[in-house]
Amino acid sequence: MSDAPPQPPAGGWEPRDPTVQEPGGTDAAPAEGRTPDRPERPGPPPGREARSGRRAPRSGTGRPTGREPDTSGDAPGPAREATGPGHEPGEAPGPGPGRATGPDPDTGQTPDTGGHPTSGHRTGRRGPDNRPGPEPGPANGPGNGNGNGNGNGNGKGTTGPTKPTGPGRPGKPGKPEGRKRRRRTGWRRALPTWRMLLGGLLLGVLLLGGGFLAGYHLIEIPPPNAAATAQANVYLYADGSPLAQGGQVNRESVPLERVPRPFRQAVLAAEDRDFHTEPGVDPGALLRASWNTLTGKGTQGGSTITQQYVKNYYLGQERTVTRKVKEFFIAIKLDRATSKDEILEGYLNTSYYGRNAYGAQAAAQAYFGKDVQDLDTAEGAYLASLLNAPSAYDVGARPANRPRAVARWNYVLDAMVQEGWLSRPDRDALEFPAVLPSHPTAGLAGQRGYAVQAVNSFLARHGILTKKALAAGGYRITTTLRKDRVDAFAEAVKAQVLDRLDPQNNPTDQYVRVGGASIEPSTGKIVALYGGVDYTRQYVNNATRRDYQVGSTFKPFVLAAAVAQGAANQRGERITPNTVYDGTNKRPVQGWTGAAYAPANEDDASYGGIPLHTATDRSVNAVYAQLAVDVGPENVRRTAVALGLPADTPDLTASPSIALGPATASVLDMAEAYATLANHGKRGLYSLVEKVERIDPAGDRELPLPAAGSGARQAVSRAAADTTTAVLRGVVEGGTGTAARAVGRPAAGKTGTAEDDKAAWFAGYTPDLATVVALMGQDPKTGAQKPLYGAMGLARVNGGGAPAEVWAHYTGTALDGTPARDFDLELPKGAEIKKKGERGREEGAEEETGEPTEEAGAEDATGATSGDRPHPAEGPQAPQGPQPPPGTTAPARPATADTLVIE
């Protein structure tokens, strides 16, 4: 069979009755539900093809071939005649040539194709009978698949024009469809496309840019954190050597000018060589550190010095992404707002070098025992090495670290050579420095804590620094204390007291406490303190506490008041050291308007008529109680305050008993008063502080401070002070304080014992040094005062015993190497002490009886105490007059300009 379409006969095709269907034709009966009488839609005009509204379904496994024409022949089968108007007889009815039909849109049935399946699809137009037109004859060649061919294929033909199956005009070629994108299948569906990648990249850039702008504007430079600004208070001895450091942080900030240039360069070589030229942040290092933190790989170096300074000074040491982000933005702003030198200075002062040392100055002291400005190149390179890992390179704490430390030290020096900061010959000449061994921080152990406590109290009392300011730290305080004398005091106490104690076998020995203070009379400087055995074991400072009676060490103030006031005795005679008093035991005082007061003497001894100077040597209570009345108890009190006792001293009451020393002044208070006597009655400011400086990287600032001895005035007349000194020399030479003669030079002093032997005192001085020593009894568990009977294996402990021995030991050591000087005394007429044998028997005087006795408190048959300790007021002998109510103390006299004291 030929593939060419049939040719019309010569006379043309006869018109075909559309109501007649030939056998085997395509004009089937109307589908069920259709009305055959319904008018047909007109077909397309001649020569125009109907367009298909649907794609042809695919047939087989082939794909459309594009625009190639269909060259396949017609499928075998009877030819179909045209039935629609506008078709020649024999022409296929329907939408036009080249249109393949598909299933009926109403019935879903596919028109009969004469036994051959049709793969094209409908044109979307109906014939005159409102039914899909019949397709051309069956095709046996590949169709175009989209209905735009001549309908003679199987749906795989081309889109170009094809031959019609019957006579008629050929249809126009249909429009080619665009090439469809292949759908991705399988694993390829999980991969992003290039459009997705590009969009994600742009979105990420926008987010990062927005985040940067937001962070830069929202994160401000915060104030420094408390730990970064906290500094220790540095306490120095008078010669500038370290005494102690107070505070939680061992830091002393210094200006950059004090840091040697080689040390600065060594730090840059070790940590950030491009510091002066690079920006404040290193984004790569920040991302690396953040990633390591997120993935749990630990920390990694690489931050710039600016970033490390921000972490130390403004933020903290926590390892979080939030902190790293803040560090990033603050470093950017700080680098723009601050000079490189300021950042480097802050970095050096805030970095940790190990051994609890923060900052370059503290590190220099910890590792080399010197100030930072004294470091050489090798030492500076070693400290720079420590910044990386202090514990790994500390050869003083762990000798096994030496190979690692030397390697790190060499790395730093070689980097300095590479940067041109150190020449090769100079580098080769350097040797690894000698590092001090690591010792536990002494802190406030030993006498340090007592000294710091006393200094802080002095500063607060005189309004120089508040307690809050001291607690904040940052001050360098040079004291008046001399290290050699502080050590001498501690050695004297150890030799004369501590080595004689046996608390395991003698329970009383556990009660023994010792306090001491020493002052230069001519300068008013406090040069030594002894507060106790160890501040970390006994916190109460025995040098400044005010809760033990001073006993007979108060009697010289009564004598000084008598001379200063020009007082007279009951007979109207001016009082001098040679004035004779009645020393009868329990003699009632005369001239007192209150009730009778009759104190007992030591061991109830009676002396009869006795010169005042001898009564002082033997500490006769009956004489000094009468003397206080003759002078006036209030005058005595004022004189004591003028000499150096605080006006608010407990139990400093104006009554006859004031002479026996019930007042509870401190050891330091008593030392000041005795120093005034040694200085011929002139008293200035007794000071513990030489200089106070505020530690500031911008430059240390010295605070205004009254100088020691400033404001000096005559507390008592020189005649009164020198007369008292002359009398007190007799106490050392032949009275109750003869143990003090061991000092080997002229000395004056007075012993004293508190009630029930709860304290024993010796207060004495040479022309060059005034010192007071006290032994106190205190229960270490309850804090209650305890008698010292039996301590150190002695029946009694009194002022002429261990206290005088400590005094002599310390004073001799402190003044060793200095020439011995005698007192330069100016005594008024009649004040010269008449020696026994020279004086003869004075009118109304009786020969002194008995030997000098210790004035430690003894009890008589009635339980009353005697001696130079305070006598308790009992029964009808209780003093009357201006006494405070029971359980209270007398109102303190307002302080005056001559009552400057320290605590």
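Which residue in S13 is the bridge partner of Lys750? The first view of this predicted model gives the reply.

**View 1. Strands S12 and S13 form a hairpin.** Lys750 has Ala763 as its bridge partner in S13. S12 spans residues 748–753, and S13 covers residues 759–765. The two strands run antiparallel, joined by six bridges. Five residues lie between them. In that turn, Asp756 has a positive phi of about 60 degrees.

**View 2. Strand S12 is mostly covered.** Six of its six residues are buried. Ala748, Lys750 and Gly752 point one way from the strand. Gly749, Thr751 and Thr753 point the other way. Both sets are buried.

**View 3. Helix H19 is mostly covered.** The helix takes in residues 633–643, and eight of its eleven residues are buried. These are Pro633, Val636, Arg637, Thr639, Ala640, Val641, Ala642 and Leu643. Gly644 follows H19, with a positive phi near 155 degrees.

**View 4. A nonpolar patch lies on the surface.** Its members are Trp194, Leu198, Leu201, Leu202 and Val205. Together they have about 550 Å² of accessible area. Val205 sits in helix H1, residues 194–218. Val205 counts as exposed because its relative accessibility is 52%, and the cut-off for exposed is over 50%. In an α-helix, residues three or four places apart point the same way, because there are 3.6 residues a turn.

Terms used. Residues are numbered from 1 along each chain as its sequence is written. This is a predicted model: local features need pLDDT of at least 70, side-chain atom pairs count only at pLDDT 80 or more; totals for chains, interfaces and linings use all residues. Side-chain values use heavy atoms; hydrogens and water are left out. Patches are made of residues with over 30% relative accessible area and no salt bridge: like charges are joined within 9 Å, nonpolar side chains (Val, Leu, Ile, Met, Phe, Trp, Tyr) within 5 Å. Accessible areas come from the Shrake-Rupley method with a 1.4 Å probe; for residues, only the protein chains shown count as cover. A salt bridge is a side-chain nitrogen of Lys or Arg within 4 Å of a carboxyl oxygen of Asp or Glu. Helices (H or I, at least four residues) and strands (E, at least two) are DSSP runs, numbered from the N terminus. Buried means under 20% relative accessible area, exposed over 50%, partly exposed in between (1.4 Å probe, protein chains only). Two strands pair if DSSP finds at least two bridges between them.
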